[in-house]
Structures are given as C-alpha cells and as structure tokens.
Amino acid sequence: MAKLGMVNRPTVAVFDTTLRDGEQAPGFSMSPADKVQLAAQLERLGVTVIEAGFPVASAADFEGVVAVSRAVRSATVAALARAVPDDVMTAWNAVRGAVHPRIHVFLATSDLHLSAKLRITREACLEGSVAAVRLARSLCDDVEFSAEDATRSDLDFLVDVAAAVAAAGATTINLPDTVGFALPEDIRRMFTAVRERVGDGVVLSAHCHNDLGLAVANSLAAV
C-alpha cells in the first residue's frame, strides 16, 4: 500500500491480510487465540495495518477480530465488510476496541462480477459503494474501499467509483488484481488514472495475486 503524494519518495505502508485472506488456504483456519499470537508477530515486524478478519462470516471470526483489536497496540487493525449495512456495522462492532481501528469495505467493479456474480448494474454498484463508505465513515475515521476485480474493470468506470468513494470519505482506495491477471504496465496505467482523478489526499493500495508470478513486479509498478 503506497501513499503517492510525495513526488520523489512515496511513503510505503504494509497492509498484511494473513489473518483474513491467508486463512482461506486449506488447513490454515485460525482460532481467536491463534490470530492474537500471529498478530503479535506481525506487529513486531512493523506491519502498518493488520486485517484481522471478516467479522460477519462467523461468530468465531467476529471474536477473533475483537481479540486482535484488544491485543494490538501500534498497528492499525482492519475488519473486512461487504458494501452492505449489516456487514459494516458488524465490522465496526468487532474492531471498535482497537487503538487504531479501520473498516475495510469492498465491492466488485468489473462488469463480469457485476453481471454474473452480483447481478447488479454499474449504477447500483456506484450507489452501494458510496452508501457503504458513508456509513463506515460515520462510525470510523479510517475507511478503506476495495474495488474487487479492479484490473478487469472498465477503467473509466473504476475511476468514477474511486472518485465517488473518496468524496464519500474513503481514506484508502485499494485496487486489487483479484485473479492474478495483470501485467506491470496494466497496474501502472490503472494507478496513474486513479491518482490523476482522486488527487493526493487519498492513500492508494495495491493487492496483487501471484498466479503468473508477477505479484512483486505488479506491487512495485503500483508504487
């Protein structure tokens, strides 16, 4: 995750999602105690943001996020939420005890996801994204929005969504390569377009999958 406001040297922050995304690997589910133990090590490493889980997914995951929020002192603790009110409220209730809480809202922006998975229009996507970010921002000063499947989204629409959620109060905008599809030039083009539209007041974040072995190259391209 990189804040690109400085011309010569970006300020780079590390967002670690081991406790949420990493837990999806077979055999790697974690109890609340497991999450607290690993979060302590991530904090020792100097991770800037620890994504503790997806609280609405289960009672155990909710308790895990609560436990991590209570244990972590220096890093920001994030909770993931779909762009629906119940998810946002559940995420806030799980993370509100953190010293530095964050609500992380996501909604897909690619036409493929909108039509085949969510069965909603672009207009509904834009409205839902803005509404969820506004609700999250009314609860928490630190709000991240992720445009799921950003690299396969129409770039003009993606930029419109980014600008709208920034205006609604998102402090970080994440542009993930959800299916490990992109090349470094794709990432540079996408981040450049979003940065030109939203300006320097919002942190831009890269989330790159390694399906083609390009996660590091794509992350560096984003920075």
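**Asp149**

I started at Asp149, which is found in the loop between strand 7 and helix 6 (155-168). Helices here are DSSP runs of H or I with at least four residues, strands are runs of E with at least two, and both are numbered from the N terminus. I am working on a predicted model, where local features need pLDDT of at least 70, side-chain atom pairs count only at pLDDT 80 or more, and totals for chains, interfaces and linings use all residues. Residues are numbered from 1 along each chain as its sequence is written, and side-chain values use heavy atoms, with hydrogens and water left out.

Is Asp149 buried or exposed? I found it buried, with a relative accessible area of 0% (buried means under 20%, exposed over 50%, partly exposed in between, with a 1.4 Å probe and protein chains only). Asp149 also has a positive phi of about 60 degrees, although it is not a glycine. Its salt-bridge partner is Arg152, with the closest N and O atoms 2.9 Å apart. Arg152 is partly exposed at 32% relative accessible area.

**Salt bridges**

I looked up how many salt bridges the structure holds, and the count is 15. The term needs a side-chain nitrogen of Lys or Arg within 4 Å of a carboxyl oxygen of Asp or Glu.

I then picked out Glu23 and Lys35, whose side chains meet at 3.5 Å, N to O. Glu23 lies in the loop between strand 3 (15-16) and helix 1 (32-45) and Lys35 in helix 1, so this bridge ties together parts that are twelve residues apart in sequence. Glu23 is buried at 16% relative accessible area, and Lys35 counts as buried at 1%.

Next came Asp111 and Arg122, with a salt bridge of 2.8 Å, N to O. This pair links helix 4, which holds Asp111, to helix 5, which holds Arg122, eleven residues apart. Asp111 counts as partly exposed at 37% relative accessibility, and Arg122 is partly exposed at 31%.

**Arg119**

I stayed in this stretch for Arg119, in the loop between helix 4 (111-118) and helix 5 (122-139). Arg119 is not a glycine, yet it has a positive phi of about 55 degrees. Its relative accessible area of 71% makes Arg119 exposed.

**The aromatic pair**

I found one aromatic pair in the structure. Why is the pair of Phe54 and Phe106 edge-to-face? The ring centres of Phe54 and Phe106 are 6.1 Å apart and their planes stand at 70 degrees, so the pair gets that label. (Rings of Phe, Tyr and Trp, the last by its six-membered ring, pair if their centres lie within 6.5 Å; planes under 30 degrees apart are stacked, over 60 edge-to-face, the rest tilted.) Phe54 sits in the loop between strand 4 (49-53) and helix 2 (59-71), Phe106 in strand 6 (residues 101-108), 52 residues apart. Phe106 is buried at 19% relative accessible area.

**Val223**

Val223 is partly exposed, with a relative accessible area of 42%. Val223 and Leu204 are 19 residues apart in sequence and 9.0 Å apart in space, C-alpha to C-alpha.
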